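This briefing goes through selected features of one structure, grouped by topic. The sequence and coordinates come first, and the notes follow.

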Amino acid sequence: PQTIYLKDYTPPAYLVDSVHLTFRLAPTATRVLSRIAFRPNPDATSSDFLLHGEDLTLISAKIDGAPLTPDVTPTGLRCTVPNAPFIFEAEVEISPETNTALEGLYMSNGMYCTQCEAEGFRKITYYPDRPDVMGVFTTRIESDLPVLLSNGNPTDQGDGWAEWHDPWPKPAYLFALVAGDLVNHPDRFTTRSGKHVALNIWVRPGDEGKCAFGMEALKKSMTWDEDVYGREYDLDIFNIVAVDDFNMGAMENKGLNIFNSSAVLASPETATDANFERIEAIIAHEYFHNWTGNRITCRDWFQLCLKEGLTVFRDQQFTGDMRGDAVKRISDAVVLRAHQFREDNGPLAHPVRPDSFVEINNFYTVTVYEKGAEIIGMLKRLVGDDAYAKALDLYFARHDGDAATIEDWLKVFEDATGRDLTQFAKWYSQAGTPRVKVHEDFADGTYTLTLSQHTPSTPGQDHKEPLVIPVAFGLLNDNGDEILPTQVLELTKAEQSFTFDNLSSRPIASILRDFSAPVILQRAQTNVERAFLLAHDTDPFNKWDAGRMLAQDVLLRMVRDDATPDSAYLDGLAVVARDDNLAPAFRALVLSLPTEDDTAQALVDCDEIPDPAAIYTAHEALKLHIAQHLQDPLPRLYAEMTVSGLYSPEAEAAGKRSLGNALLMLMSRLDGGKQAAQQYTGADNMTQQLAALNALLKIGKGQAELQAFADQWQHDRLVMDKWFGLQVACAAPDAAATTAEKLTRHPDFEMKNPNRFRAVFGALKSNAAGFHDPSGVGYDLMADWLIKLDALNPQTTARMVSAFDTWKRYDTDRQSKMRAALQRIAATPNLSRDTTEMVTRLLG
Ligand code: DPP
Ligand code: ZN
């Protein structure tokens with residue numbers, strides 16, 4: 001397969017003014033007629049006329065009305081064209097029903113839908129399928145299905161057809177079409193300038209009752225983007241459609257967002273608090289793309305973080321505003337450390353703006369998205385809130401309608417603030433997680449903080465340069481009073497010292513407050529000092545992180561020599577658990593442990609080889625210790641977290657449930673699941689029902705409840721995904737693979753449905769001790785199923801192959817088993833380009 005390089009970018013040879021598409025829908029023989037107005041690009045470096053096209057049957061083509069026979073290859077079409085504006089017309093045939101890759105036009109449960117990002121439009125018709133070619137689309141859909149949707153505004157419709165026109169020029173990846181027997185949940189929104197917008201969430205009949213929350217989230221997002229970023233919606237209608245078979249979470253097609261049904265449908269009975277929060281965030285994310293992604297798009301796919309990093313940053317701000325900044329920041333850091341740091345530390349590490357790819361779908365990663373968002377957070381912290389707002393206003397004013405680059409983005413900040421961002425820009429090009437080492441000194445009333453930075457090498461990047469790292473920092477005295485409120489230190493050199501004088505005694509430093517940079521802080525600190533910060537830090541993130549570092553230290557010691565946990569940690573936890581002044585959601589986060597994979601990575605950082613079985617044992621033992629230490633207050637605290645009255649997914653009630661359920665997990669280790677069984681029986685919402693089932697399965701009980709759950713929910717695909725996933729997630733290490741294997745033989749296991757496949761195999765990946773069982777059965781099962789899935793759905797297969805990305809950190813026996821599994825995948829005949837690229841990088 002061919003590697004594509006950022007440095008090879010050239011402007012398109014021809015630009016598109018307008019596109020007229022007609023779809024004559026039929027499951028295996030859809031006809032797509034296109035009429036595209038092209039003109040030569042004055043900035044072009046070539047005059048080759050080349051259109052992308054894959055899996056298309058060309059019926060006919062014309063230029064300016066004259067039929068022609070173009071040169072057709074498996075990846076596109078080439079012909080000679082006039083050196084002046086011209087009309088290209090084509091008719092092609094495609095087969096949506098047999099399109100299991102879920103890219104281009106495909107069918108899901110009898111409905112037609114599309115997914116074009118990144119390069120799916122070329123599976124619909126011949127087109128310059130690159131984001132810097134933007135055209136005005138008019139779409140006619142011919143079908144007997146009752147609901148026919150496309151981008152933009154509806155212009156006309158009749159019996160068996162409908163027409164849509166999108167006045168905003170857009171790249172082909174934002175094209176969308178939906179046709180189906182759908183029902184809608186309608187609403188309205190008036191923008192602050194008085195424009196009326198019709199809102200709809202379209203679902204399959206039967207799902208109408210699960211739309212209200214998503215609709216509220218949409219309206220909140222629209223208001224928030226007006227209030228915070230001054231951005232208004234720009235069409236008469238905004239449609240969201242829920243689709244059961246979808247590779248991603250959702251897609252921001254102009255005016256017609258298409259959602260994985262798991263990312264929009266929710267009712268109290270079927271969705272958990274975590275589901276509600278995720279839905280709110282994804283609705284916001286896709287809506288926010290209307291400006292950061294659609295109105296201003298990316299010049300090429302290397303710039304993906306331009307829209308994704310910024311849009312993730314915006315949805316994180318939104319969730320913080322809706323649900324509380326502290327808890328949101330901690331949750332985001334947990335995700336970043338668990339997934340992005342893992343990616344950065346392994347063979348798949350890549351810069352936030354990669355400089356090459358084989359298949360762009362493989363770069364929709366936590367690095368591009370979440371680390372991309374962290375870069376924006378750092379920029380905002382460095383320039384300040386006012387300058388950030390000024391820079392964003394300039395970005396929208398200067399680049400509206402553009403296909404832009406990271407250089408454009410940084411230039412806006414330079415122009416708005418006068419700051420030189422040359423060094424800062426390295427965050428986009430340098431892969432790997434920086435380690436920041438802390439050295440502290442105190443003498444004669446002066447505290448000296450010396451920070452040094454080092455980024456380990458990553459594939460293709462041996463040499464790393466110092467980055468600009470904003471380190472939010474504060475000082476406490478030994479009474480726990482804040483003597484230096486938070487300030488931002490700018491670490492720009494390999495090593496740098498900062499001094500603070502006139503101190504009457506040795507202060508206690510709180511470093512990297514609010515997780516001000518995506519780095520690993522290396523600080524030799526006593527557990528007494530960590531416990532002090534857990535008790536007293538005024539920064540909620542560092543208060544939580546002190547507890548997290550205590551937990552990790554305890555776990556490492558337990559893994560190494562079966563030690564008993566430090567009382568500084570257990571006592572500190574007990575104080576926090578009981579502290580009514582702290583929000584329940586925050587207390588729940590303090591009670592949660594690092595994942596087993598986090599512990600494995602922490603051992604690797606100490607140059608030790610992790611043993612997943614020993615890590616599992618230590619985690620289980622620590623949970624029991626915590627339960628025993630909290631034994632007395634547990635029942636009372638659990639009772640205090642009871643939420644009475646009608647279920648509400650809002651943050652406050654959800655926070656109480658999250659603490660209550662964390663306590664339930666602990667209690668079940670002491671009472672044999674008595675309380676959990678009771679909660680299961682009494683539950684009137686999915687959060688409580690699932691948490692109770694989880695607690696029971698974790699202690700090897702709950703078989704009757706598991707059966708009852710299946711009987712109750714067998715008609716609901718999204719709930720059954722939970723049922724499939726939970727069994728694998730809760731299985732003991734030696735039973736995880738066999739549980740997963742057994743579930744693949746369940747009549748409701750549908751491998752073509754990404755949600756169901758991910759429920760089972762995503763859970764197997766997350767069950768670290770199970771996946772890494774020394775027998776190797778976890779590896780073999782994963783490889784078997786990824787090989788099968790690749791023939792149907794390369795995109796989801798390639799994404800899941802990352803289960804193997806930690807193979808180099810383990811003992812030689814596990815290493816050779818994992819390498820063998822990867823080599824077996826690599827040797828599969830006709831392996832997709834997507835998966836080939838991933839296994840090549842993993843083995844490299
Ligand atoms: N649908 C994906 C997202 O919104 C890709 N744009 O991030
Ligand atoms: Zn996005």
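**Gln795 and its surroundings**

Not counting residues up to four places away in sequence, Gln795 touches Ala101, Glu103, Asn247, Asn361 and Asp834. The model is predicted.

- Helix α25, which covers residues 794-800, contains Gln795.
- Gln795 has 25 other C-beta atoms within 10 Å; the threshold for a buried residue is 20 or more, so Gln795 counts as buried.
- Met248 lies 547 residues from Gln795 along the chain, yet their C-alpha atoms are separated by 9.5 Å.

**Shell around ligand 1**

- Met248 also belongs to the set of residues around ligand 1, together with Glu117, Ala250, Met251, Glu252, His285, Glu286, His289 and Glu308.
- Two elements, β20 (250-251) and α2 (273-288), each contribute at least two residues to the shell around ligand 1.
- Sorted by class, the shell around ligand 1 consists of four charged, three nonpolar and two polar residues.

**Nonpolar core**

- The largest nonpolar core has 238 residues, and those touching the most other members are Val178, Val241, Ile258, Val760, Leu764, Met782 and Val801.
- Val241 is in contact with Cys113, Leu149, Val178, Trp202, Ile258 and Phe259, leaving aside neighbours within four places in sequence.

- Strands β2 (residues 14-24) and β3 (residues 30-40) run antiparallel and are joined by ten bridges.
- The hairpin from β2 to β3 passes through five residues.
- Opposite Phe23 stands Val32 of β3.
- β3 also pairs with strand β9 (residues 86-94), in the antiparallel sense and over nine bridges.
- Arg35 has Glu89 in β9 as its bridge partner.

**Open sheet β28-β27-β30**

- Three strands make up an open sheet with antiparallel pairing, in the order β28-β27-β30.
- β28 (482-491) and β30 (508-511) each have a single partner strand and stand at the edges, so one side of each lacks a neighbour in the sheet.
- From one strand to the next, the twist averages 25°.
- Seven bridges connect β27 (residues 469-476) with β28 in the antiparallel sense.
- Phe473 has Gln487 in β28 as its bridge partner.

How values were computed:
Residues numbered from 1 in each chain as written. Chains lettered and ligands numbered in written order. Predicted model: local features only at pLDDT ≥ 70, side-chain atom pairs only at ≥ 80, totals over all residues. Near = placed C-beta within 6 Å. Helix = DSSP H or I, 4+ residues; strand = E, 2+ residues; numbered from the N terminus. Nonpolar A, V, L, I, M, F, W, Y, C, P; charged D, E, K, R; others polar. Pairing = 2+ DSSP bridges. Axes fitted to C-alpha atoms, helices over the stretch in contact; angles between N-to-C directions. Core = buried A, V, L, I, M, F, W, Y, C linked by C-beta atoms within 7 Å. Buried ≥ 20, exposed ≤ 12 C-beta atoms within 10 Å, placed from the backbone. Contact = placed C-beta atoms within 7 Å.
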